[in-house]
Amino acid sequence: MSYQAEISRANPSCFLFLIDQSGSMTDTFGGGGGNKRKADGVADIINRLLQNLIIKCAKSEGIRDYYHIGVIGYGATVGSSFSGYLAAQDLSPISLIANSPSRIEERTKKVDDGAGGLVDQTIKFPIWFDPVADGGTPMCQALDRAKSIIQNWINGHPSCFPPIVINITDGEATDGDPTEKAEEIKRLSSTDGNVLVFNIHLSSQNAIPIEFSDKEDGLPDQFAKLLFRMSSILPTHIQNAAKQEGYRISEATRGFVFNADMVSVIRFLDIGTRPSNLR
Amino acid sequence: MLAYMQFSIAQFHLPKFGNEKNEYEDAFAPKRHGRFECNSLSLAIADGASESSFAAEWAKMLTRAYVKEPFFNVPHLQSQIEKLADRWKSFVQRRPMPWFAEEKVRMGAFSTLLGIHLSEDSTDAMQTGKWSTIAVGDSCLFQVRGDILTESFPISKSSDFGISPTLLSSNDSKNKSVWDQVAFKAARWQIGDMFFLVTDALAFWFLSQHEHNERPWEILAGFVEDNNPIESFTTWVNNARASSTLKNDDVTLMIVKL
């Protein structure tokens, strides 16, 4: 059975994020409404994904290095999007990333007050990445880079829970068809199963956000369809966890979201007992 | 001369393989073991959820509170949880924390709770009595009489263990869905009965074994009689984990023999 490996400090897994920083990301995106640019959406999503992953690994004594993380930006150049010493590594232990945001903002969110109402709560929101939009969309080149990073990781961690690559983009590659490049990554495997490639599509289309999809029909445009095809089918335990949270999931559901953030995937990762009333 | 209920208590616990001793996040109370006499007895175990932080402290607080004053109904449990949650908050917020620890603490700690209160009948020279139990989550109580498993609570089939139990939280706003899932049960004991309080990994093994017509309680009770109980238990758990018959998780076992 695949995707059963225990994720632990002795046998960590890895996440590699690919973020589209091309010039087309200055366009507004449909899902958020208003004038939010796709580049703002990408920055917001990657910061939020990192925040959620780090909080998931936080324990009383600090951060447990269940994951190593890399972020590759692609636009005018292709390479690590981190600055400072994190940029020198393809993948860094999650504890290093937790301790190195470029700044920490305070945001207000509405939370349940436990008595049927909502109250404002100030939360700390770390920022690692600011919006960037410059150059073409060398997605194929980014996927090539990802393949080499993931291959190296697997060589050093042959029995790890399979690495997850999350590509955040508007889907408009300028250096060819990325389909085969994504397939090459998906063919890599640890002893526990094939590498997973998920896609987050930020589109200018003013269509309803889609969180996980099991068919191409009905997706709003050709870029969404392309990214859907490039995405791995969700492993069974992730499908089950998503079902338990009320998502409509079938055996064909893929790791693809449209104008949504995929933060829920972090919740579905199994690193220990997760209470149903912790959301 | 007053006659009291006589019983023996034994406890065993082990952290998840790969974790340090101080990373054990289950809890149990009381800590005393051996043979005792008294007119009532309260015991509790709790399994702090590994996805929350300061879960071990929360689990400890729950077990100690139960043993001090058992919860027999939901309103009583609710009022105690409110007080304990405040105590947990002041414990964890003693010093400044990095952003991620602050956010994690805000979410609260989560834990199961399984408590049992035994008392004697005043009329029949300590041969029988009553017990009542409370359960939140998937920690289990087994009552064995002779060769028969007479009670399995709150889970009676291994297939009923889920991936995401509803647990007691130190963040009271997360407990709304808990109150109608608190399970209570009361029944009777007689002399010779054994009670096993176990956290989920061992409970799952116990029920799976029983479903295959085995008598898992004999293995567990055997550790109490062993010359090196802790060492035997540890070796057995590690072997069972290595052969994948036991899930790699914190393990806690309390045994009461009347």
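1. Over how many bridges do strand β7 and β11 of chain B pair, and in which sense? Strand β7(B), residues 128-136, pairs with β11(B) in the antiparallel sense over eight bridges. Two strands pair if DSSP finds at least two bridges between them. Helices (H or I, at least four residues) and strands (E, at least two) are DSSP runs, numbered from the N terminus. Within this pair, Lys130(B) stands opposite Arg188(B) of β11(B).

2. On conventions and confidence: this is a predicted model, in which local features need pLDDT of at least 70 and side-chain atom pairs count only at pLDDT 80 or more, while totals for chains, interfaces and linings use all residues. Residues are numbered from 1 along each chain as its sequence is written, and chains are lettered from A and ligands numbered from 1 in the order in which they are written. For chain B the average pLDDT (the predictor's confidence in each residue, from 0 to 100) is 93, and 97% of the residues score at least 70. The model has an ipTM of 0.87 and a pTM of 0.89.

3. The β7-β11 pair belongs to an open sheet of five strands in chain B, ordered β2-β4-β6-β7-β11 with antiparallel pairing. Its edge strands are β2 (26-29) and β11 (183-190), each pairing on one side only. On average, neighbouring strands of this sheet are turned by 15° against each other, direction ignored. Strands of a sheet pair through backbone hydrogen bonds, either parallel or antiparallel.

4. Helix α1 of chain B (residues 55-68) lies across β2, β4 (40-47) and β6 (113-120), and runs at about 165° to β4(B). Axes are lines fitted to C-alpha atoms, for helices over the stretch in contact, and angles run from 0 to 180 degrees between N-to-C directions. Two residues are in contact if their C-beta atoms, placed from the backbone, lie within 7 Å.

5. In chain A, the axes of helix α3 (residues 139-156) and helix α4 (residues 179-187) come within 9 Å and cross at roughly 10°. α3(A) is therefore roughly parallel to α4(A) (angles under 35 degrees count as roughly parallel). The residues of this contact divide into six nonpolar, no polar and four charged. Ala, Val, Leu, Ile, Met, Phe, Trp, Tyr, Cys and Pro count as nonpolar, Asp, Glu, Lys and Arg as charged, and the others, Gly among them, as polar. From α3(A) the residues include Leu143(A) and Ile150(A), and from α4(A) they include Ala182(A) and Ile185(A).

6. The contact between the chains takes 28 residues from chain B and 29 residues from chain A. Helix α3 of chain B (residues 99-107) gives the most to the chain B side, with seven residues. That side divides into eleven nonpolar, ten polar and seven charged residues.

7. Pro163(A) is found in the loop between α3 and β9 (164-169) of chain A. Pro163(A) counts as buried because 28 other C-beta atoms lie within 10 Å; the cut-off is 20 or more for buried and 12 or fewer for exposed, with partly exposed in between and C-beta atoms placed from the backbone. Leaving aside neighbours within four places in sequence, the contacts of Pro163(A) include Cys14(A), Ile150(A) and Trp153(A).

8. Cis peptide bonds, with omega about 0°, join Ala29(B) to Pro30(B) and Phe153(B) to Pro154(B). Phe212(A), in strand β13 (residues 210-213) of chain A, has a positive phi near 70° and is buried. Ser244(B) has a positive phi of about 60°, but counts as exposed.

Key:
Parallel < 35°, antiparallel > 145°, perpendicular 65-115°, else oblique.
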